[in-house]
Amino acid sequence: MEIPRTMTGAPVLETPSASQQPPLPAASAAAAPMIAVRGLTKIIGNQEILRGVDLEVAAGETLVIIGRSGGGKSVLLKHLIGLLLPTGGDIRIDGQSILGLSERRLAPIRKKVGILFQGGALFDSMTVEQNVAFPLREAGERDVKKIRAQVAEALEVVELAGHGHKLPDSISGGMRKRVALARAIITRPRCILYDEPTAGLDPVVTDSIDRLIRRLQKRFGVTSVVVTHDMKSVFDVADKVAYLRQGRVHFHGTTDELRASADPDIHDFIAGRSSGIVADEGEN
Ligand SMILES: Nc1ncnc2c1ncn2[C@@H]1O[C@H](COP(=O)(O)OP(=O)(O)O)[C@@H](O)[C@H]1O
Ligand SMILES: [Mg+2]
């Protein structure tokens, strides 16, 4: 049987008298996390990649995940949309556990969560418009007029109106990223996962992508999880930061708390220093 849990994950205990209970905070229902990960472990082959990840993302919040290459950030994101199954632990999206669900029951949850994969992964033989329309067609939408209108809206959001007829090969890297982003938002997800959305982009284009992430948060109240190596992006887009280290969340807090942290490992990471890392962990 499911043990009911409070928002912090503690089991809800039966008490003899409800009148002895302290009053619930007024905003308790509204504050339920959009994403809740508890004790997530993942072993691939003989490698323990995630060793008990605990993480919460509030609705409308932008969480940035940082950590070394090969540390399991992409693996963690893939768990959040059910692309990988955990070895242990639990994942809740909007209050519902996604583990053990059939593909059919997973589908509506997947619709709530869009993902911008590392690398973007556009179909080269399809136009921008066809790429962006793809998730709608996958979901069974056949109304051509409706598809057109939604594609136009998504392209407008990422400032690519009028580029729909182009092929991915003929546009810049930054534009391709924005096409991938338009594709990720076309089904109007409540939550968007970004896997290194600015990797390989110049600082100006990076800034434009960061603004877009912020705009989606403000305009649609989207909950976001952003994996990045770019420390400027961290401070530009994050409400909260999680530092993934050795398969666990080593730090979780605001950007101010990150800056103020006395942890030497965090200092080195923020400053991009390599001291101690080779001896500590080695390359994965
Ligand atoms: N499908 C897979 N099969 C085997 N190993 C994998 C797979 N996906 C990821 N890994 C391994 O898991 C570790 C974490 O990878 P990843 O999540 O991509 O790291 P990050 O995104 O933090 O750079 C790496 O050692 C990687 O080789
Ligand atoms: Mg990765």
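Biologist: Which residues of helix α5 are called buried?

Modeller: In this predicted model, the buried residues of α5 are Lys177, Arg178, Val179, Ala180, Leu181, Ala182, Arg183, Ala184 and Ile185. A residue is buried if 20 or more other C-beta atoms, placed from the backbone, lie within 10 Å of its own, exposed if 12 or fewer, and partly exposed in between. Local features need pLDDT of at least 70, side-chain atom pairs count only at pLDDT 80 or more, and totals for chains, interfaces and linings use all residues. Residues are numbered from 1 along each chain as its sequence is written, and chains are lettered from A and ligands numbered from 1 in the order in which they are written.

Biologist: What covers the buried residues of α5?

Modeller: The cover includes β6 (113-116), α3, α4, β7 (191-195) and α6 (203-220). Helices (H or I, at least four residues) and strands (E, at least two) are DSSP runs, numbered from the N terminus.

Biologist: What is Ala182 in contact with, leaving aside neighbours within four places in sequence?

Modeller: Ala182 is in contact with Val132, Ala154, Leu155, Val157, Val158 and Leu160. Contact means that the C-beta atoms of two residues, placed from the backbone, lie within 7 Å.

Biologist: What makes a set of residues a nonpolar core?

Modeller: The members are buried Ala, Val, Leu, Ile, Met, Phe, Trp, Tyr and Cys residues joined through C-beta atoms within 7 Å. The largest such core here has 63 residues, and Val64, Val132, Ala182, Ile192 and Leu193 have the most contacts inside it. Helix α5 (residues 173-185) gives the most to this core, with six residues.

Biologist: Why is Val234 called buried?

Modeller: Val234 has 20 C-beta neighbours inside 10 Å, so it counts as buried. This residue lies in helix α7 (residues 231-237). Not counting residues up to four places away in sequence, Val234 touches Val64, Ile66, Thr228, Val241 and Thr255.

Biologist: How far apart are Val234 and Ile270 in space?

Modeller: They are 9.8 Å apart, C-alpha to C-alpha, and 36 residues apart in sequence.

Biologist: How much of the protein chain is buried?

Modeller: Buried residues make up 35% of its 284 residues. The chain has 10 helices and 10 strands.
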